[in-house]
Amino acid sequence: MAPAQSALSWVCVGSGAIGLLASARLQLAGYNITLWLKQPTQINLKFTDSKQQSQHLLLLPQPRTAAISRLLVPVKAHQVIQAVTELLPYLADNAQLVLSHNGIIALEPLIQQLQPKQGLWFLSTSQAAYKPAPHSLVHSGAGSSFLAKLTHADNSDNEQDVITTMSAALGPLTLVNDIYPLLWQKLAVNVAVNPLSALENCQNGQLAAARYRRQITTLVTEVCKVATALGYPMTATTTIDRVYQVIAATALNYSSMQQDVQARRQTEINAICGYVCQQAAQLQLATPANQQMLHAIQALPHY
Ligand code: KPL
C-alpha cells in the first residue's frame, strides 16, 4: 500500500549525503521534493540503496519564487543559522523546518526569528550514507531516526505531516518529547570518534585499539559530567560502552570529521568539543581533554 503522502511539497537544503538520502527516499515514495542549492540546478542522482540496488533519480531545484511550507535542513552545524536566515523570506507563515546535524548549537536566536505559526523540529539520525562522487549516493548503513518538536505553537495537521514525511525520508522514526538527552548521547560518540579519527586519519574501527582507550575514556567522562550537570544524567561506564558499540558497528566507516579534514572543509568541532567546553565553562567545570581536541582540530589549516 502506498504511504500516506504529504500533499505539500518539501524542500531540502543542500546536497549533503543525508539530504540526498532523504530526498531520494521521498521521491521514490511519491513525495514532491525539490532541492535548495546555492546554484539552482537539477541533479541527476545515481542512488544505491541499502540493498545495493542502483537507480537514477532526477532531483529538481526549488524555484526562488514559490513560498516554502516544509523545509528539511540537513546542513552542517556551523551552516544552520546562515542557511535558515537566508530562507526566512521564502517561508510560508505556517512553515515547518526540520534541522538535522551532528553536535549541538544554540538555537534560541533562530527560534526568535520564526513567526508564531512556524515550527522548528530536530531529527537525529543514525542512517549512514556517503557520496562516492558529487552526483552519486550510497545508502551504506540502515539506521533509524528520532524526531522532536522544539517549538510549541501549531496545529496537529502540520505535525502529522512532518512526522509522516520524516518517517518516509529517514525512518524508522521515533517521536520524542525532548531530543536533548539523545543529542548528548550522540555528542559523546562524536566527541570520542570524530576528532581522533580525523587526527589519526583512520577508519572508526581503528579507534578500538588499546592505545586510544584512556583518551576516549577521559573525553567521554567529561561529556557525561557536563550533561549530568545540565540535567541529562549520563553514566560514564554505560556511555563508554555505547561509544565502543558504535565504533564496532561503524568500523569500516570514515567519520564525517575525518572526511571534512581530508577534503579541507570546515569541521563541526565547534558544535562537538567546542559545545562541551562552552557549556562546561558556564558551569565552571574543567574539560581539558575536550579543550585539547578542540585546539588540535582548530590548529589544522581548514578546521
Ligand atoms: O556520526 C558519526 C560521524 O561520522 O559523524 C559517527 C557515528 C561517528 C559515524 O561515523
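Which residues surround the ligand? Select the ligand in this predicted model and display its neighbours. Asn102, Asn190, Val193, Asn194, Asn204, Val246, Ser255 and Ser256 surround the ligand.

**Stop 1: polar atoms at the ligand**

Pick asparagine 102. One of its polar side-chain atoms sits 2.7 Å from a ligand oxygen atom. Move to asparagine 204. Here a polar side-chain atom lies 2.9 Å from an oxygen atom of the ligand. Then click serine 256, where a polar side-chain atom is 2.5 Å from a ligand oxygen.

**Stop 2: the two domains**

Zoom out and colour by domain. Residues 9-175 make up domain 1, and residues 180-298 make up domain 2. Their C-alpha centres are 25 Å apart.

**Stop 3: the interface**

Show the residues where the domains touch. Domain 1 puts 15 residues in contact with 17 residues of domain 2. Between them the two domains bury about 1400 Å². Carbon and sulfur atoms account for 59% of that area.

**Stop 4: bonds across the interface**

How many salt bridges does the rule find across the interface of domain 1 and domain 2? There is one. Select lysine 76 and aspartate 260 to view a salt bridge, with the closest N and O atoms 2.8 Å apart. Polar contacts between domain 1 and domain 2 number seven residue pairs, both residues at pLDDT 80 or more.

**Stop 5: the domain 1 side**

Select strand β7, residues 119-125. Strand β7 gives the most to the side of domain 1 that touches domain 2: three residues. Now colour that side by residue type. It holds eight nonpolar residues, six polar and one charged.

Note on methods: Residues numbered from 1 in each chain as written. Predicted model: local features only at pLDDT ≥ 70, side-chain atom pairs only at ≥ 80, totals over all residues. Heavy atoms only, no water. Domains from an automatic or database assignment. Contact = heavy atoms within 4.5 Å. Buried area = accessible area lost by both parts, 1.4 Å probe. Salt bridge = Lys/Arg side-chain N within 4 Å of Asp/Glu carboxyl O. Polar contact = N/O pair within 3.5 Å; in protein donor to acceptor, adjacent residues only side chain to side chain. Helix = DSSP H or I, 4+ residues; strand = E, 2+ residues; numbered from the N terminus. Nonpolar A, V, L, I, M, F, W, Y, C, P; charged D, E, K, R; others polar. Near = heavy atom within 4 Å.
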